[in-house]
Amino acid sequence: MSALGEPNATAMAFFGIFIALTLCITIWASRRTRTADHFYAAGRSVTSLQNGLALAGDYMSAASFLGIAGLVARSGFDGLIYSTGWLVGWPIVMFLIAEPLRNLGRYTFADVVAARLRQKPIRIAASIGALAVIAFYLIAQMVGAGNLIRLMFGLPYELAVVIVGAVMLLYVLFGGMIATTWVQIVKAVLLLGGATLLAILVLARFDFNPLTLFDQAAQQYGESVLAPGGLVTDPIDAISLGLALMLGTAGLPHILMRFYTVPDAKTARTSVGYATAFIGFFYLLTFILGFGAMVLIGREAIVAVDAGGNMAAPLLAEALGGPRLLGFIGAVAFATILAVVAGLTLSGAATLSHDLWVNVLRGAHASEAEQLKVARFATVVLAVVSILLGILFKGQNVAYMVGLAFAIAASANFPALVLSIFWKRLTTAGAQISMLTGTVSTLVLIYLSPAIQIDILGNEAAWFPLRNPGIVTIPLAFLVAIAVSLIRPEPESARRFVEQERQLHVGAE
Amino acid sequence: MSHSTLEAVSAARWRIAISLTIAMMLTYFGFILLVAFNKPLLGKLVAKGLSLGILLGALTIVVAWALTWIYIVWANRHYDTSIKGLKR
């Protein structure tokens, strides 16, 4: 009945075109990647519209495209809770983070935290948080890639994981941030274009009026699909999830790194404006697509293909445009994963080489050639690790891992970053212990939560009642940073804060 | 001379940033709390096919757009001018 799960010639063709185009971009970019500034920050030459698209590209994962459309198709309104949660972090990034980050750092967010504190302890603690976020995010993406490609094209899981790892390695290794940025831009345009096209095709069946579509869904499945359902049962858990999504966005290493690719703080600011516009528009589209799939395909048919509903958007594409459109949307979803994985790997490589190798092991004395060599070596290591993790976690339930990545980003990275920018009395020990507390407490509480204890280990009860630990771990990380800093002040740090204040607004002069 | 100006710029930037952050948080967590505590209210239809919940959810996205727009307009008009003054 459905061509889903069979090798699809159109999908292969579109995907082949995407690979060929992005590899050409990579060759072009490799000729322009001569210094660490090029490799990590694209020579700081990206425009605000380009960076806005690239930020959106880094952020709009296959999980948010297929996952939210599927959640809406299954439960209606509830998908909107995730869509809003994933968007509202962006204004926070703009108000609190983007411009100071651009003015105070070079390649990683640890640059900013370490700017006026003692380098080594801060870099080590920040790297642990950053690498934990990247690892869990990568696992979720790689497992998602393997499953998606098996479901859509019938390719073996392992082969799909290896293809994603290998192509991503080519982008990052040779083209650095210049290639990665352009891959994100191409992917963002394809994804926004594909989702818009699908939404138009859906709305064409409902007089171009979303309300007619929603009304049709309510007539078919009852008015409950327009009302909050079972997703939010525990209000504290819902707030906790919301906090992690909102503040975690402002602590994701691969997102923060993008602000170094633009020439100045004003461009960084404008680029978040574009990103917020694109991402919000995209989430409104997925809401339409989810309801479209619910009405035009039917819930039973969607769940029959994949219990999680993840195939709602591809099935919708097939119903509206035949195997061709299915192929196109499938290729877009694959390209989406590839681009997100490339961005994650590059930020991981920056952490390993810039933070740990250059600034911790080599005391910030490394030649341009050495920096590039180490960054590329770290890229290869990360690509191999991500392929292995993808294969290791085959068949496992990794649904909680993106939430975990956001929770660590919100608890380990965000508090230290914000306090280092805005609070004069923050000390080295305060920031360091805060980042470690944020990482460790999040990992421990997730392990003790129902998501692991009940869903995965099959125990009857969990030690910790919440699925999302953010409401505990985020305030804890702030409190620890403030308490430790107040108990043992660091006059040198406070003095350098006053000097830093000027650079925060004016930029490096 | 520039020190007091820098302090003023810092204070103004911080005031705007924190006010807009709080506005975003109130909007979003207000929406989530309604979802958690008053599901029947959000299920009420305000038009054929449009529940209050969907309307407020979409409005949350619109508020996010509006707040970023307000910040950009403020920064382009006032903040950038003050920074030029600082650089001089």
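## Helix packing in chain A

The axes of helix H6 (residues 89-104) of chain A and helix H11 (residues 235-249) of chain A come within 7 Å and cross at roughly 40 degrees, in a model that is predicted. Axes here are lines fitted to C-alpha atoms, for helices over the stretch in contact, with angles running from 0 to 180 degrees between N-to-C directions. H6(A) and H11(A) are therefore oblique to each other, since angles under 35 degrees count as roughly parallel, over 145 as roughly antiparallel, 65 to 115 as roughly perpendicular and the rest as oblique.

On the H6(A) side, A:Gly89, A:Trp90, A:Ile92 and A:Val93 meet A:Leu245, A:Met246, A:Leu247, A:Gly248 and A:Thr249 of H11(A), contact being C-beta atoms, placed from the backbone, within 7 Å.

## Contact between chains A and B

The contact takes 42 residues from chain A and 41 residues from chain B. On the side of chain B that touches chain A, two or more residues each come from helix H1 (2-37), helix H2 (39-43), strand S2 (50-51) and helix H3 (52-87) of chain B; helices (H or I, at least four residues) and strands (E, at least two) are DSSP runs, numbered from the N terminus. H3(B) gives the largest share of that side, 17 residues.

## Confidence and conventions

The predictor assigns the complex an ipTM of 0.94 and a pTM of 0.94.

Residues are numbered from 1 along each chain as its sequence is written, while chains are lettered from A and ligands numbered from 1 in the order in which they are written. In this predicted model, local features need pLDDT of at least 70 and side-chain atom pairs count only at pLDDT 80 or more, whereas totals for chains, interfaces and linings use all residues.

How values were computed
Contact = placed C-beta atoms within 7 Å.
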